[in-house]
Amino acid sequence: MPFSLIPDRLYRRYTDLTPRLLRELDIRLLLCDLDYTLAPRSVEKPDGTLRRWLEDCREAGVTVMILSNNRSTRRVETFCSELGIRYVGHAGKPGTAGYRQAMVRAGEPPEHTAMLGDKLLTDVLGAKRAGILALMVEPLGGPVGAWNHVLHALQRPSKWIARRRCQKL
């Protein structure tokens with residue numbers, strides 16, 4: 001299994017990843033982390049921007065599923081039921097079982113699947129290990145707490161490399 005902490009693409013926020021861009025990348029299944037990727041952890045319900053983005057993805061033929069390590073099943077269930085989307089909770093990222101389970105449920109192979117998240121050690125590493133496109137965003141709401149500040153500081157070199165690689169595309 002590949003081991004890489006370099007995302008394939010880096011975006012400021014999830015809305016920068018347009019359905020048109022997903023079509024160009026030949027992505028039909030987009031797995032998304034929830035906390036700090038689609039909403040700050042403190043936000044309990046999806047907002048209008050997220051709802052519109054998901055609808056645009058649906059219209060473009062892209063299935064969006066949540067792949068979350070969140071310890072609170074209730075948070076993920078509530079958020080996803082509000083949006084009418086499926087999820088894999090307690091995904092065990094960076095392990096590959098959650099990624100594989102989501103692809104089987106959606107009926108899509110790795111070559112048409114991408115993962116969008118804000119953390120290198122879970123989202124990006126897991127995507128790379130699962131053989132899917134690894135897309136990264138800056139955390140919505142910024143890093144919260146001392147440990148998240150340390151994690152995000154440690155991610156800077158990998159983000160720098162990703163930006164350099166993307167400029168060459």
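Predicted model: local features only at pLDDT ≥ 70, side-chain atom pairs only at ≥ 80, totals over all residues.
## Helix α3

Helix α3 spans residues 73–83. Its buried residues are Arg75, Val76, Phe79, Cys80 and Leu83. Seen down the axis of α3, they fall within an arc of 115°, so they line one face of the helix. Arg74 and Ser81 sit on the other side of α3 and are exposed. The buried residues pack against α2 (48–59), β3 and β4. Just after the helix comes glycine 84, with a positive phi of about 70°.

An α-helix has 3.6 residues a turn, so residues three or four places apart point the same way.

## Arginine 75

Arginine 75 belongs to helix α3. Is this arginine buried or exposed? Its relative accessibility is 12%, so arginine 75 counts as buried. The cut-off for buried is under 20%.

Leaving aside residues up to four places away in sequence, arginine 75 touches Leu34, Asp35, Ala39, Pro40, Arg41, Val43, Glu44 and Asn70. With proline 40 there is also a polar approach: a polar atom of the arginine 75 side chain lies 3.5 Å from the backbone oxygen of proline 40.

## Helix α4

Helix α4 covers residues 97–106. Gly98, Tyr99, Ala102 and Met103 are buried here. Their arc around the axis is only 135°, which puts them on the same side of α4. On the other side, Ala97 and Val104 are exposed.

What covers the buried residues of α4? The cover includes the strands β2 (29–32), β3 (63–67), β4 (87–88) and β5 (113–117). Helix α5 (120–130) is also part of it. Just after α4, glycine 107 takes a positive phi of about 70°.

## Packing of α4 on α5

The axes of α4 and α5 come within 9 Å and cross at roughly 65°. That makes α4 roughly perpendicular to α5. The crossing is right-handed. From α4, the contact uses Tyr99, Arg100 and Met103. From α5, it uses Thr122, Asp123, Gly126, Ala127, Arg129 and Ala130. Of the α4 contact residues, Tyr99 and Met103 are also among the buried residues of that helix.

## The loop between β5 and α5

Aspartate 118 is placed in the loop between β5 and α5. Its relative accessibility is 0%, so aspartate 118 counts as buried. A polar contact of 3.0 Å joins its side chain to that of lysine 119.

## The loop between β4 and α4

Two residues stand out for their backbone geometry in this loop. Proline 94 lies between β4 and α4. The peptide bond from lysine 93 to proline 94 is cis, with omega near 15°.

Histidine 90 is in the loop between β4 and α4 too. Its phi is near 45°, a positive value in a residue other than glycine. Is histidine 90 buried or exposed? At 51% relative accessibility, histidine 90 counts as exposed.

## The loop between α1 and β2

Aspartate 26 lies in the loop between α1 (19–24) and β2. Its phi is near 60°, again a positive value in a residue other than glycine. Relative accessibility is 39%, so aspartate 26 counts as partly exposed.

Definitions and conventions
Residues numbered from 1 in each chain as written. Heavy atoms only, no water. Buried < 20%, exposed > 50% of the residue type's maximum accessible area, 1.4 Å probe, protein only. Helix = DSSP H or I, 4+ residues; strand = E, 2+ residues; numbered from the N terminus. Arc of directions from axis to C-beta. Contact = heavy atoms within 4.5 Å. Polar contact = N/O pair within 3.5 Å; in protein donor to acceptor, adjacent residues only side chain to side chain. Axes fitted to C-alpha atoms, helices over the stretch in contact; angles between N-to-C directions. Parallel < 35°, antiparallel > 145°, perpendicular 65-115°, else oblique. Left-handed = near helix turned anticlockwise from the far one by under 90°.
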